[in-house]
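Please read the following report with the sequence and the model in view.

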Amino acid sequence: MVKLHEGGVYLIRGQELVSEKETGRLEQLTGKPADKSEAKKGTIAYGIMKAHNSNTDMENLKIRFDAMASHDITYVGIIQTARASGMEKFPLPYVLTCCHNSLCAVGGTINDDDHLFGLSAAKKYGGIFVPPHIAVIHQYMRENFAGCGKMILGSDSHTRYGALGTMAIGEGGGELSKQLLRQTYDVAYPGVVAIYLTGKPAPFVGPQDVALAIIRAVFKNGYVKNKVMEFVGPGVSSMTTDYRNGVDVMTTETTCLSSIWRTDEDTKAFLTKHGRGDEYKELNPAEVAYYDGCVEVDLSSVRPMIALPFHPSNAYEISELYDNLEDILHETEIAAEKIAEGRAHFTLLDKITKDHKLQVQQGVIAGCAGGNYTNVVEAAHALKGKNIGADEFYLSVYPSSQPVFTDLDRKGLLADLMDAGAIIRTAFCGPCFGAGDTPANNALSIRHTTRNFPNREGSKPGQGQMSAVCLMDARSIAATAANGGKLTSAEELDCWGDVPEYNYDDRSYKARVFNGYNKADTERELRFGPNIKDWPEQEKMTDNILLKVASKILDEVTTTDELIPSGETSSYRSNPLGLAEFTLSRRDPEYVGRAKAVRDLEDARKAGKIAEEVAAVFDVIHRIPGQENVKAQDVEIGSTIYANKPGDGSAREQAASCQRVLGALANITKEYATKRYRSNCMNWGMIPFHLKEEPGVLEVGDYIYVPGIRKALQENELENVTAYVIKDGKANEIHLFTLPMTDNERQIVLDGCLINYNKFGHANG
């Protein structure tokens with residue numbers, strides 16, 4: 001089904017793969033000797049990145065994007081950062097959607113206050129504002145902005161429009177603020193991996209099935225981590241563009257940097273239907289293109305999939321699950337026990353019915369992955385004339401935009417779903433991150449959404465609650481719904497493939513979307529609400545730093561949902577200090593108190609008062625050779641966390657900024673799960689350290705003294721940073737390091753944060 005190549009490959013004329021080791025065969029096919037450096041320029045990705053690179057050096061990219069997009073969890077903070085840094089107006093199309101906090105259901109007025117702030121910002125700075133319930137962020141961008149050869153930056157990790165010929169990247173808010181300040185997105189040239197598709201998906205196989213099959217193969221081994229996934233091969237044209245979009249958006253779950261697909265007549269038809277036929281151009285690799293790896297996917301061999309809790313890579317064919325049902329569910333229960341840590345209880349074996357089926361309690365088809373037109377049509381066909389039953393199971397369907405909603409309605413397809421007992425809701429991302437359809441305690445949900453991380457669906461183990469999500473395609477969810485919630489593969493039904501042509505009608509956009517691009521009214525006042533707060537000021541880094549470990553997490557991976565919970569906390573995303581109260585609340589509830597205590601020590605130091613425990617630490621520091629005369633005013637005190645692999649998942653900058661406003665100065669890790677989380681740390685003035693020793697050298701409450709860190713950052717001497725764990729009256733030497741940081745990144749950390757970097761004039765050289 002999925003095969004990973006060892007080493008690089010050459011793709012010849014878009015059709016034939018040749019291992020880089022087979023130089024003789026390559027020369028035979030091309031008539032030329034192998035030239036890897038030239039063939040690397042033959043990828044689609046290379047051409048797009050070159051066109052957007054403002055640097056003469058292709059090894060160190062400085063990208064300027066064509067457009068940007070943010071939703072209502074992130075755009076307030078981004079605009080606040082940019083305006084504090086001197087922004088006067090938006091220099092590129094910037095779309096602000098209201099698809100995450102759109103329910104306005106908790107927190108009083110604060111969600112709609114954010115929306116009106118967004119509208120006022122679009123008017124003042126020249127942006128595009130999409131009101132609540134009109135469209136989810138990525139569907140709006142597909143319909144209105146993605147085009148062949150473009151690059152788009154978004155503050156949501158699922159910013160992926162590769163199937164439309166656009167290289168799109170999801171990053172933390174700091175990177176979007178840089179674009180608003182006419183700065184660049186700086187990144188080393190990434191590896192490019194071919195996703196070589198052959199065959200054609202079976203009628204009962206949907207885009208989520210294809211995506212989960214790929215994620216299962218590449219996530220755990222990091223095969224495409226921080227690389228570009230380039231979809232090529234004859235199998236691309238076996239899928240419609242709407243179908244490809246559903247596969248493409250899930251590439252985020254592989255931890256790749258971005259994605260791009262070859263384009264064809266169906267891409268052109270999609271863009272033409274949306275009134276943007278002039279945005280089409282044929283994108284194909286050159287006659288000889290070199291890729292740093294290759295994932296071969298035989299689409300005809302893909303079968304309906306299910307990703308069990310608690311990650312999209314924990315995927316099985318549904319038939320494979322049923323062949324080993326008790327064993328696999330037992331393993332998942334063990335994982336749930338580890339996550340709950342005794343605070344809650346989650347079971348699966350008791351959900352096996354007498355006829356050996358897995359009974360689920362909820363189904364959801366929603367968002368940028370599931371709410372696409374084709375997915376909902378197929379679900380409606382599966383449920384036409386049936387009913388989901390009057391027991392525990394229920395089904396919610398969220399079309400991805402008003403144009404999709406209205407066309408489904410005009411065709412009578414929503415009525416077919418509702419007649420079967422499904423609930424139809426408006427365009428909303430809530431089920432993807434725990435702000436809608438949170439299941440009952442100990443319930444299992446099947447969802448065509450993007451993620452099934454621990455407690456992301458909204459349950460709270462700290463309050464004795466635990467539910468979980470399995471990811472599935474809309475087709476198998478509909479088949480399950482038709483079977484009263486007993487897990488059923490779409491392969492068991494014969495109703496697939498009869499999808500009527502989509503009729504795009506953008507009247508709802510014309511009626512409600514405010515388009516102020518190139519029409520900035522800079523004299524207009526922003527509209528603030530009581531929960532919208534400025535970022536607290538941060539200080540420059542001192543010559544030396546003293547870290548105190550406030551949390552230690554030894555999980556294999558720590559998601560951004562665990563670093564800062566999603567769901568109801570999103571209401572506080574415009575209030576940095578208010579949101580910080582939730583930091584690590586699901587994973588380490590004691591963290592906030594510990595971090596605040598360290599922040600108090602730093603506040604006392606700045607006031608000239610050295611706490612007794614800090615004085616004792618300095619007594620030890622003064623016994624370190626070369627540190628005999630170090631003074632407290634030269635040593636900033638801050639908290640840190642140790643985590644094996646933090647930052648998988650969301651792009652939200654708050655996963656880092658919340659630590660920073662509580663006084664953090666660094667993260668210490670074995671590795672960073674994603675580039676975007678590491679970038680968030682640096683943009684908020686935190687050093688992205690790695691630990692050379694095993695994590696056993698650090699414990700919560702330990703102090704870590706890092707002498708000369710300012711000089712090390714200034715001189716880019718970060719490969720081996722000597723530090724000292726201060727404990728029991730002794731200083732034990734350890735060794736930290738960072739992976740390469742750009743000049744700008746090092747200066748941002750030295751200045752204390754991105755806002756300071758601009759305020760101090762360093763952005764201008």
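This is a predicted model: local features need pLDDT of at least 70, side-chain atom pairs count only at pLDDT 80 or more; totals for chains, interfaces and linings use all residues.

Residues are numbered from 1 along each chain as its sequence is written, and side-chain values use heavy atoms, leaving out hydrogens and water.

The chain has 28 helices and 32 strands, which are DSSP runs numbered from the N terminus (helices H or I, at least four residues; strands E, at least two). Its radius of gyration, taken over C-alpha atoms, is 26 Å, close to the 27 Å of the globule rule (2.2 Å times the number of residues to the power 0.38) for 765 residues, so the chain is as compact as a globular protein of that length. Along the principal axes, the C-alpha atoms fill a box of roughly 80 × 65 × 60 Å.

Two strands pair if DSSP finds at least two bridges between them. Two such pairs are listed here.

| Strands | Sense | Bridges |
|---|---|---|
| E18 (residues 362-365) and E19 (residues 394-397) | parallel | four |
| E19 and E20 (residues 423-424) | parallel | two |

Val397 in E19 is the bridge partner of Ile365, and Val397 also stands opposite Ile424 in E20.

Gln463 lies in the loop between strand E21 (444-448) and strand E22 (468-472). Gln463 is exposed (over 50%), because its relative accessible area is 54%. The C-alpha atoms of Gln463 and Ala344 are separated by 7.6 Å, although these residues are 119 residues apart along the chain.

Note on methods
Buried means under 20% relative accessible area, exposed over 50%, partly exposed in between (1.4 Å probe, protein chains only).
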